Amino acid sequence: MAHPAGPRHAELLAAPHLAERPSSPEAMAEIPANVFPYNASRNADGVLEIAGVSVADLAEQYDTPLFVYDEADFRSRCAQIREAFAPYGRVHYASKAFLSMQVARWVESEGLSLDVCTGGELAIALRAGFPAERIALHGNNKSEAELDAALAAGVGHVVLDSMIEIERLNRLAGERGVVTDVLVRVTPGVEAHTHEFIATAHEDQKFGFALAGAAMDAVRAVFGAANLRLVGLHSHIGSQIFEIDGFELAAHRVLTLLADVVAEFGVEKTKQIQILDLGGGLGISYLPSDDPPPVKTLADALGAVVERESAQLGLPMPMIAVEPGRAIAGPAGITLYRVGTVKDVTLDGKATRRYVSVDGGMSDNIRTVLYDAEYDVRLVSRESSARAVVCRVVGKHCESGDIVVRDCWLPEDLAPGDLLAVGATGAYCYSMSSRYNMAPRPAVVAVADGRARPILRRETVEDFLSLEVGNE
Ligand SMILES: Cc1ncc(COP(=O)(O)O)c(C=O)c1O
Ligand SMILES: N[C@@H](CCCC[NH3+])C(=O)O
């Protein structure tokens, strides 16, 4: 069948995933349910609505670029993951994916615990009233101030990442006259099938203690530290993972270490080591063709492996903890952009690529540039029956690499003023945003039951000016 864009686009079609992306007017009009929030659909005028709120109204009221979160979607993903893991242990939401005080309250009221990895994340969570005992502190280089703030707040536990930190935390806890619960982060040498920059359990990287040798030394150091109490072991193999076998292998290896620890220190001294934290990393659908395993499947598989392996090793069944960020926040959020310019660029005198410039870019979504991330983008302020053209959606920053969606199809009549929505941008977009080119960070709006509520206001030039000193 002849492709709508014609044979001269043959070389453009070689781009990864472009051939699979929707290219008929009907397919382009769809709002894929596995990528966009649960409550997203087009209304009778062809405008995207989320939880009954039209994106055209949102753009009008809050301007663009705009992050829009479907609150019920976020909450129901919390609930699904909590219920899936309830028989085996507990779920921490990894706040690095996206955090605001409102989000901390959603997580709290859905009964999840919370991971933070800086003093900033800790401060937002505490200010939101998140119970400190349900907070865990992570990070490979926590400062004394961050560790002390965690002790002052009385966080549930700290995940230890280096020998220096063991000494540091023990001293600070001693100064406060407290004994604090800790986990030791282990790198179990599992190669997760994901982008190199988001894989974290191979040994040659900055996080944790290598299973072979260093991890046991860390455990010994914790046992020798009067103000630290080892309550578990931790591993995180990476992010955006679809295969369960990596988690299973990590569980197996960390449990083997636990058996060695019990053998060395005895059952009595190790009976408080009850947490096996397998980290985050649960993958999501960025494209309609992505098919991650359901969380219940993952939870049951991990529950079965941990039960079997601990029985074989003669260990009591530990409590499994997981720390998903992306799988909760990612699909709940979209980014809304307004098209500013449309430009056709002829390649090698033959094929044409249409550059669609939007009013945000790498400052609100660095993931395309950083990880070659793929996103699904749709025209959402109207429906179009125009044929598809090969497009690249780019931002407004002074970088040729400022790309939001590298290769996609969009209707030929796309014009300045149209709204585009990029799906599954709820995780690691706002939280990794920058002010490059003095672009104010977008506003973030939560929608629920037909109503919109801003949860973070748009930055302004006044915010930038307020940082300036020495100009008196
Ligand atoms: C220790 C730890 N836990 C949890 C997460 C959350 O990962 P994800 O958002 O992929 O679930 C990360 C980030 O990859 C992490 O480093
Ligand atoms: N920030 C990354 C994942 C790493 C998260 C934390 N270890 C992403 O956007 O995919």
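In what order do the three strands of the open sheet run, and is their pairing parallel or antiparallel? These close-ups come from a predicted model, and the first one takes up that question.

**View 1. A three-stranded open sheet.** The order is E1-E2-E3, and the pairing is antiparallel. At the edges sit strand E1 (40-42) and strand E3 (53-54), each of which pairs on one side only. Zooming in on one pair, E1 meets strand E2 (residues 48-50) in the antiparallel sense, with three bridges between them. Look for serine 41, which has glutamate 49 of E2 standing opposite. As for what holds such strands together, strands of a sheet pair through backbone hydrogen bonds.

**View 2. Glutamate 323, one of the annotated positions.** An unreviewed UniProt entry carries a "binding site" annotation that covers Gly281, Glu323, Pro324, Gly325, Arg326 and Tyr428. Glutamate 323 is in the loop that links strand E13 (319-322) to helix H12 (326-329). Setting aside residues up to four places away in sequence, glutamate 323 touches His92, Ala94, Asp115, Asp277, Gly279 and Gly280.

**View 3. Tyrosine 428, also on the UniProt list.** Here's another residue under that "binding site" annotation. Tyrosine 428 belongs to the loop between strand E19 (419-422) and strand E20 (443-448). Tyrosine 428 counts as buried too, because 24 C-beta neighbours lie inside 10 Å.

Note on methods: Residues numbered from 1 in each chain as written. Chains lettered and ligands numbered in written order. Predicted model: local features only at pLDDT ≥ 70, side-chain atom pairs only at ≥ 80, totals over all residues. Pairing = 2+ DSSP bridges. Helix = DSSP H or I, 4+ residues; strand = E, 2+ residues; numbered from the N terminus. UniProt positions renumbered as here; feature names shortened; annotations may be inferred. Contact = placed C-beta atoms within 7 Å. Buried ≥ 20, exposed ≤ 12 C-beta atoms within 10 Å, placed from the backbone.
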